[in-house]
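The sequence and the structure come next, followed by the notes.

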Amino acid sequence: MSLLTDKFNRRFYYLRLSITDVCNFRCSYCLPDGYRPGAVSNNGFLSVDEIRQVSRAFVDAGTEKIRLTGGEPTLRRDFTDIIAAVKDNAALKKIAMTTNGYRLQRGVRDWQQAGLSAVNISIDSLDARQFHAITGQDKLPQILAGIDACFEAGLTQVKINTVLMKEANSRQLPAFLAWIKQRPIQLRFIELMETGEGGALFRQQHISGEVIRQQLLREGWQEVPRARDDGPARVFSHEDYLGTIGLIMPYSKDFCLSCNRLRVSALGNLHLCLFGDNGIPLRDLLADDSQQPALQQRIHAALGEKKQTHFLHQGHTGHTQNLSFIGG
């Protein structure tokens with residue numbers, strides 16, 4: 001089967017695979033009122049065997065990196081089994097996860113042994129009180145301990161996701177820089193994105209990542225080349241720092257030109273864009289190995305419908321009501 005390529009000649013080496021939309025945090029930019037059940041179909045979230053089938057189809061078509069997302073993926077009791085099922089794909093180069101870090105300290109060693117190779121942790125402030133105000137959880141010390149546990153377990157790729165907000169953390173760059181100076185962590189500032197449920201917050205709190213970029217350049221940081229299976233971050237390094245800085249700026253010019261990732265929801269729908277309108281159902285083709293050719297054919301055919309860009313500048317947020325829906 002040929003590599004996954006769309007009509008704009010973009011190749012897709014990276015799959016973001018959501019395994020649940022449940023989350024135990026109440027982040028102001030995602031689930032400020034907490035998780036509300038209702039999105040789950042009668043069949044529930046994808047099973048371990050269904051995850052094995054869908055990951056196989058993508059890897060056989062050239063996917064090199066799969067990121068497990070949520071919601072909060074570690075809330076699945078079979079999370080270790082899910083990692084092992086994805087690891088069954090021998091050609092896969094990297095299995096990553098995005099997490100709020102709540103369960104890292106006690107689980108990361110088992111996950112690493114099952115095949116996990118990289119982790120992104122959401123930390124929107126290094127100030128414990130502000131962290132609590134943003135997330136609804138007073139868990140910053142445990143999450144920081146979980147980061148230490150990642151390195152102790154042998155993970156060498158640890159990234160921190162920080163959603164950039166005007167009144168919450170946009171002035172905390174010096175504190176974050178001091179924190180990564182002696183830590184081999186990539187700290188990624190992500191521009192706040194408008195969602196169906198978050199329009200008012202977006203208008204109040206959005207600030208461009210260009211503000212951070214200009215400050216970094218003034219202080220001697222330099223942009224580094226982007227690998228083909230990397231996410232959308234523009235990464236900067238500095239000779240005096242072990243850590244690096246990544247900027248994810250979806251409102252910047254030509255952001256979508258380098259798109260290399262597709263998404264599958266926890267219900268088994270293929271999403272061509274985080275802010276697209278519809279998902280393409282795959283679940284009816286995840287029962288057994290005999291369906292693999294039809295599954296791959298459907299995935300390839302769907303790429304013909306992928307748009308050249310999102311329409312966030314026009315205020316169109318598509319199906320994304322909140323970022324837990326298909327994993328951000």
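## Residue T99

T99 counts as buried, at 3% relative accessibility; buried means under 20% relative accessible area, exposed over 50%, and partly exposed in between, with a 1.4 Å probe and protein chains only. The residue sits in strand β3. Helices (H or I, at least four residues) and strands (E, at least two) are DSSP runs numbered from the N terminus. With neighbours within four places in sequence left aside, T99 is in contact (heavy atoms within 4.5 Å) with E72, T74, L104, V119, N120, I121 and S122.

## Basis of the model

The model is predicted: local features need pLDDT of at least 70 and side-chain atom pairs count only at pLDDT 80 or more, while totals for chains, interfaces and linings use all residues. Residues are numbered from 1 along each chain as its sequence is written, and side-chain values use heavy atoms, with hydrogens and water left out.

## Helix α3 and its surroundings

L104, one of the contacts of T99, is also among the buried residues of α3, which are L104, G107, V108, W111 and A114. Seen down the axis of α3, these buried residues fall within an arc of 120°, so they line one face of the helix; the arc is that of the directions from the helix axis to the C-beta atoms. R106 and Q113 are exposed on the other side of α3.

The cover over the buried residues of α3 includes α2 (79-87), β3 (94-99), β4 (118-122) and α5. Just after α3, G115 takes a positive phi of about 135°.

## How α3 meets α5

The axes of α3 (residues 104-114) and α5 (residues 140-152) come within 8 Å and cross at roughly 20°. That makes α3 roughly parallel to α5, where angles under 35 degrees count as roughly parallel, over 145 as roughly antiparallel, 65 to 115 as roughly perpendicular and the rest as oblique. Axes are lines fitted to C-alpha atoms, for helices over the stretch in contact, and angles run from 0 to 180 degrees between N-to-C directions.

On the α3 side, the contact is made by L104, Q105, V108 and R109. On the α5 side, Q142, A145, G146, A149, C150 and E152 take part. By class, this contact has five nonpolar, three polar and two charged residues; Ala, Val, Leu, Ile, Met, Phe, Trp, Tyr, Cys and Pro count as nonpolar, Asp, Glu, Lys and Arg as charged, and the others, Gly among them, as polar.

## Two further buried residues

L262 lies in strand β10 (residues 261-264) and is buried, with a relative accessible area of 1%. Not counting residues up to four places away in sequence, L262 touches L4, F12, Y14, L15, R16, F58, L270, H271, L272, L303 and K306. The C-alpha atoms of L262 and I66 are separated by 9.8 Å, although the two are 196 residues apart along the chain.

T63 is in the loop between α1 (48-60) and β2 (65-69). T63 is buried too, with a relative accessible area of 3%. Its contacts, again not counting residues up to four places away in sequence, are L4, F12, Y13, Y14, L15, F58 and L92.

## Backbone details

The peptide bond from G70 to G71 is cis, with omega near 15°. G71 lies in the loop between β2 and α2.

N9 is in the segment before β1 (14-18) and is exposed, with a relative accessible area of 61%. Phi of N9 is near 65°, a positive value in a residue other than glycine.
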